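Work through these exercises with the sequence and the model side by side. Try each task before you read its solution.

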Amino acid sequence: MLPETKTSQLIEINRNNSSLYDENTLVNLRKTLLGSEGVGTSAQGAATGRKPHPYNMRVVQLFKTSNVHHSTCLDTKKTSTVGLGFADSGGEASNKVPDALNDLCDISFQDLMNDVAEDYWNVGNARIEVVRSGDQITGLHHLSAPDTYVYLEDARYNRHWEIVASEGASQRRFARFGDKEDFLLRAKALGLPVLEETTSEVIEFQQSSSLSRWYGFARWLAAVAKIELVQCRDQFEYDFFNNRGVPEFMLFLIGQLLDPKDKTTITTALQAHVGKGQSHKSFLLNLASAPENFHIQVEKLAMEGSKRGDESGADQMHSLDIVTAHQVPPI
């Protein structure tokens, strides 16, 4: 028979984890990318009403902050598109365009085009709201692509824009650029609640793709999986340095209780190794009052946090894949 033993207890202590990224956001992005809006062909016609986005543009827009290479590629393409100023019909640099349009914008025409170009490269769609007073254009404003939806009115493919503002404003309906007068007549016939004074026009830019009939499609989306993989690696390393659930080591002083002064000396010496720039140091300890059966045992628990060479190579490979998806030369 086995000797009687006292019941052992296992205590599980969860590691501390602070997420660098919003996991729900990433999951929603991956799910919406796999969705389909179920478009038909022009010969078959199309159902009237609001046309859903091919993916969650709001999530894709916020995804810009998820990776340094992804963010830099977007800013590089934005700057290359509109950041070099404007030229006249002869190709010479000119201030005529911004000088003529600055007064129509909240800040400047350059600031407006920066926002438009960022949406174009980030979510594949960009919009400018055009405000008119009679036939005179009185305002130009950036219109966030995630807030705009194509609304198909009839079988003849008449359409307008349905605006669902994220800032909590009431739903609006804007006309396509140059179509305001006809749209107001069609809206009245359809019984749509539209007022002329709150109806703007929309200039649209989009990256055309066979993947969507009604909207543009961002070209870099093939890099989503790579960006998420880099995030996982960054999260792993972040958790390593942020974690306080597993100590660096356990120090066993076996044989006798330490004198309070000796205990204070050891504790102070160990605390001196905590903090930035204090790692990989040693100290010498000599206890003159320790008995013969007293000994010290150290059990190392934490793993080294330095990257191996193959990990650095993998990071470089993933970064190159992200840049390749953007079709931007790596820097």
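**Exercise 1. Find which residues histidine 53 is in contact with, leaving aside its neighbours within four places in sequence. Then decide whether histidine 53 is buried or exposed.**

Solution. 
- Step 1: Keep in mind that this is a predicted model.
- Step 2: Locate the residue. Histidine 53 sits in the loop between β1 (49-51) and α2 (57-62).
- Step 3: List the partners. Beyond four places in sequence, histidine 53 contacts Ala145, Pro146, Thr148, Tyr149 and Tyr215.
- Step 4: Look at Thr148 again. A polar atom of the histidine 53 side chain lies 2.6 Å from the backbone oxygen of threonine 148.
- Step 5: Apply the cut-off. Buried means under 20% relative accessible area. Histidine 53 has 15%, so histidine 53 counts as buried.

**Exercise 2. Take the salt bridge between aspartate 147 and arginine 58. Work out which parts of the chain the pair ties together.**

Solution. 
- Step 1: Side chains of opposite charge can pair when their charged atoms come close.
- Step 2: Check the distance. The closest N and O atoms of aspartate 147 and arginine 58 are 2.5 Å apart. A salt bridge needs a distance within 4 Å.
- Step 3: Aspartate 147 is in the loop between β5 (136-143) and β6 (148-152), and arginine 58 is in helix α2, so the bridge ties together parts 89 residues apart in sequence.
- Step 4: Compare the surroundings. Aspartate 147 is buried at 9% relative accessibility. Arginine 58 is partly exposed at 27%.

**Exercise 3. State how many salt bridges the structure holds. Then trace the network of salt bridges that includes Lys64.**

Solution. 
- Step 1: The structure holds twelve salt bridges.
- Step 2: Begin with one pair. Lysine 64 bridges to glutamate 118, with the closest N and O atoms 3.4 Å apart.
- Step 3: Lysine 64 is in the loop between α2 and α3 (68-82), glutamate 118 is in helix α5, and the two are 54 residues apart.
- Step 4: Lysine 64 is buried, at 12%. Glutamate 118 is partly exposed, at 24%.
- Step 5: Salt bridges link Lys64, Asp75, Lys78 and Glu118.

**Exercise 4. Describe the salt bridge of glutamate 162 with arginine 173. Then find what arginine 172 touches.**

Solution. 
- Step 1: Read the distance. The closest N and O atoms of glutamate 162 and arginine 173 are 3.2 Å apart.
- Step 2: Find the strands. Glutamate 162 belongs to β7 (residues 159-163) and arginine 173 to β8, so the bridge ties together parts eleven residues apart in sequence. Both glutamate 162 and arginine 173 are buried.
- Step 3: Turn to arginine 172, in strand β8 (residues 172-176). Arginine 172 is partly exposed, at 35%.
- Step 4: List its contacts. Not counting residues up to four places away in sequence, arginine 172 touches Trp161, Glu162, Ile163 and Thr198.

**Exercise 5. Count the aromatic pairs in the whole structure. Then classify two of them as stacked, edge-to-face or tilted.**

Solution. 
- Step 1: Count. The search finds five aromatic pairs.
- Step 2: Take tyrosine 55 and phenylalanine 217. Their ring centres are 4.9 Å apart and their planes meet at 90 degrees, so this pair is edge-to-face.
- Step 3: Tyrosine 55 is in the loop between β1 and α2, and phenylalanine 217 is in the loop between β9 (201-206) and α7, 162 residues apart. Both residues are buried.
- Step 4: Take phenylalanine 86 and phenylalanine 109. Their centres are 5.5 Å apart with 40 degrees between the planes, and the pair is tilted.
- Step 5: Phenylalanine 86 lies in β2 (residues 86-87) and phenylalanine 109 in α5 (residues 109-123), so the pair ties together parts 23 residues apart in sequence.
- Step 6: Compare accessibility. Phenylalanine 86 is partly exposed, at 23%. Phenylalanine 109 is buried, at 9%.

**Exercise 6. Find which residues form the nonpolar patch on the surface.**

Solution. 
- Step 1: Name the members. The patch consists of Phe249, Leu251, Ile296 and Val298, with about 310 Å² of accessible area together.
- Step 2: Find the strands. β10 (249-254) and β11 (295-300) each supply at least two of the patch residues.
- Step 3: Check one member. Isoleucine 296 is in β11. Its relative accessible area is 42%, so isoleucine 296 is partly exposed.

Conventions: Residues are numbered from 1 along each chain as its sequence is written. This is a predicted model: local features need pLDDT of at least 70, side-chain atom pairs count only at pLDDT 80 or more; totals for chains, interfaces and linings use all residues. Side-chain values use heavy atoms; hydrogens and water are left out. Helices (H or I, at least four residues) and strands (E, at least two) are DSSP runs, numbered from the N terminus. Buried means under 20% relative accessible area, exposed over 50%, partly exposed in between (1.4 Å probe, protein chains only). A polar contact is a pair of N or O atoms within 3.5 Å; within protein, one must be able to donate a hydrogen and the other to accept it, and residues adjacent in sequence count only if both atoms are side-chain atoms. Contact means heavy atoms within 4.5 Å. Patches are made of residues with over 30% relative accessible area and no salt bridge: like charges are joined within 9 Å, nonpolar side chains (Val, Leu, Ile, Met, Phe, Trp, Tyr) within 5 Å. Accessible areas come from the Shrake-Rupley method with a 1.4 Å probe; for residues, only the protein chains shown count as cover. A salt bridge is a side-chain nitrogen of Lys or Arg within 4 Å of a carboxyl oxygen of Asp or Glu. Rings of Phe, Tyr and Trp (its six-membered ring) pair if their centres lie within 6.5 Å; planes under 30 degrees apart count as stacked, over 60 as edge-to-face and the rest as tilted.
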